[in-house]
Amino acid sequence: MDLGRRDLFRLGFAGGAVILTGGLRTSRADNLPSSPNTTPFLYELLPGRGIPPVAQPVPPFPTLPDPGDTINPDKSMPFHVSGPRVVPNNTEFYKIHIKAVEHSFHPHLPDNLLWGYDGSIPGPTIVSRTGTPQLVRFFNDLPAVDPVGIGEPIDAIHRHGGFQAPEDDGYPLDTFSRGESRDYFFPNTLEDGLTQNEHATLWYHDHSIDITAQNVYRGLAGFYPNFNQLDTGNESDLPPALGLPSGQYDIGLVLQDRQFDKSGFLVYDSFDHNGFLGDKFLVNGLIQPYLNVARRKYRFRFLNGSSARFYNLVLSNGRPFIAIATDSHLLEHPVTVSNFTIAPAERVDVIVDFSGASIHDEIFLVNRQGQTDGRKPDKLVSPGTPLLKFIVNRDAADPSRVPATLLPVTVGPQQLLPQVKVQRRFKFERSHGAWVINGEFFDENRINAKPREGEPEVWILESGGGWAHPVHIHLTEFFILSRNGVKPPPLEQGRKDTVVIGSSFGSVAILISFTGFTGRYVFHCHNIEHEDMRMMGQFEVQP
Ligand code: C2O
Ligand code: CU
């Protein structure tokens, strides 16, 4: 493997960190001074502050000549196919500028210079609809001089949970630099019963090799929800449309943690390879905000956008969540839970019904997950940390429904298991003070697996030792067949693209297939520091 300067730097530090920390239980991040105190629930989640704008299509633009067609800065890998890009007639076009933006996390902290898609934190929500392809041109407009020093102005965009060609998947070495742009084509393929499709909450984020954690920490993440003929995005649509809460009652909530110095400026510990933890809790870029809600049903799309922090969510009024989707897929049936754990990169879409509340009620979304270092979550704690306060302040009509059947599984384990001929085993472990898969660091010149398109396989994902690894596999929505030899809990019985293993989570067997595309994709730990330390492999789907 051809190690660049940055790789050597990071791997060198990995080795050093072992000596530095010796047998200590804590990582360096834990030793950073606490962030300044911040009074909770001062900022309201509002359109334009906390509720990101919805990206709007622009008139079609020519895809050639594209001055932004790029090759990698080191000229090594000309990934980007430059040339006329033929897109279907019904393609929607978007332009998104990645730029620096002054952002207020909290009224008592100074503005921080972040990086945002279109300058928005989180990025603008890009809404997709099955059957309508999209071409999104991302411009890297990051400034030449950066006083903050977190992240690097190099981008690769990954639509997490999406089915897109390898060159549109944000391959970590397929990056574009300041002053360049890059087109990503998302086919949003119509369903044919065999292909896997986007069905719920996707997200897009930076995926540049070795610096993903810092670039995401700096602000580069946004929602990318999908609508389709079942989940139409209009709660008044009649069956077979599901009628799930929609519009202003359908809200993405990304949970993240951050750390600030005593002056209120963002800090990031690049020496911490366990996984970075911050002591401030953000919802949609705001520290412990509040949200005014009506007495009716809401759909909340929870996304864990943190590097290493796990959350266990519960409502302070003891009311349940009705889960309707996990990761990018609707569940077959709604699942009622009093609380749930969400690992980095996972999504859980839930219905919360405020209709039984009284006007002026205050209800808290609480994180009960204890966690003191990035390697794994600890036990649940009580009372936990409130992340968000709901204030019930009005009545509103509620035509929305939560049908007993959401999305029937027509091609699932029953149909696929008999076809399985290949089983693979991937062990995620710590080695030489860093993280490896089957004993090896990511190497762009090594293919770890060559599955055939459309031929289902069983993969065993396991982990040694006391580390938790949320494993994400591109280009697939797999089924978890078993966790530690037994049927997984209800929230893990739908299609998934991220699954946590290791520590108390143990190992899983998943039923996986790759459809619609051939070529090279990555899979990796989504503790992003582990990913950046090259706990990543790649598979090449064979025709
Ligand atoms: Cu959310 Cu490969 O990433
Ligand atoms: Cu990991």
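**Exercise 1. Is Asn438 buried, partly exposed or exposed?**

Before we start: this is a predicted model, so treat each exercise as a tour of a prediction.

*Solution.* Start by finding the residue: Asn438 sits in the loop between strand S27 (434–437) and strand S28 (457–463). Next, look up its relative accessible area, which is 37%.

**Exercise 2. Which loop holds Leu475, and is Leu475 buried or exposed?**

*Solution.* Leu475 is placed in the loop between S29 and strand S30 (479–483). Its phi is positive as well, about 55°, although Leu475 is not a glycine. Now for the accessibility: at 2%, Leu475 counts as buried.

**Exercise 3. Work out which residues hold the copper ion (ligand 2), and which parts of the chain they bring together.**

*Solution.* Step one is to list the donors: His469 (ND1), Cys525 (SG) and His530 (ND1) coordinate the copper ion (ligand 2), at 2.0 to 2.1 Å. Step two is to read their spacing in sequence, which is H-x55-C-x4-H.

**Exercise 4. In what order do the strands of the open sheet run, and which ones are at the edges?**

*Solution.* Trace the 5 strands across the sheet and you get S17-S25-S24-S19-S22, with mixed pairing. The ends are strand S17 (290–295) and strand S22 (339–342), each of which pairs on one side only. Neighbouring strands here are turned by 35° against each other on average, ignoring direction. Now zoom in on one pair: strand S19 (residues 311–315) and S22 run antiparallel to each other over 4 bridges. As a landmark, find Tyr311, which stands opposite Ile342 in S22.

**Exercise 5. Which residues touch the most other members of the largest nonpolar core?**

*Solution.* The background idea is that nonpolar side chains tend to be buried together in soluble globular proteins. In this model the largest core has 47 residues, and the ones touching the most other members are Phe300, Phe302, Leu313, Phe321, Phe340 and Phe390.

**Exercise 6. Where is Arg296, and what does Arg296 touch?**

*Solution.* Arg296 is in the loop between S17 and strand S18 (297–304). Its relative accessible area is 0%, so Arg296 is buried. Leaving out residues up to four places away in sequence, its contacts include Glu235, Tyr249, Asp353, Phe354 and Asp398.

**Exercise 7. Where are the prolines of the cis peptide bonds Ile121–Pro122 and Ser382–Pro383 found?**

*Solution.* Take Ile121 and Pro122 to begin with: their cis bond has an omega of about -15°, and Pro122 lies in the loop between strand S4 (112–117) and strand S5 (128–129). Then turn to Ser382 and Pro383, whose cis bond has an omega of about 5°. Pro383 is found in strand S25 (residues 380–395).

Terms used:
Residues numbered from 1 in each chain as written. Chains lettered and ligands numbered in written order. Predicted model: local features only at pLDDT ≥ 70, side-chain atom pairs only at ≥ 80, totals over all residues. Heavy atoms only, no water. Pairing = 2+ DSSP bridges. Helix = DSSP H or I, 4+ residues; strand = E, 2+ residues; numbered from the N terminus. Axes fitted to C-alpha atoms, helices over the stretch in contact; angles between N-to-C directions. Core = buried A, V, L, I, M, F, W, Y, C linked by side-chain atoms within 4.5 Å. Buried < 20%, exposed > 50% of the residue type's maximum accessible area, 1.4 Å probe, protein only. Donors = N, O, S within 2.8 Å, 3.2 Å for Na, K, Ca; no water. Contact = heavy atoms within 4.5 Å.
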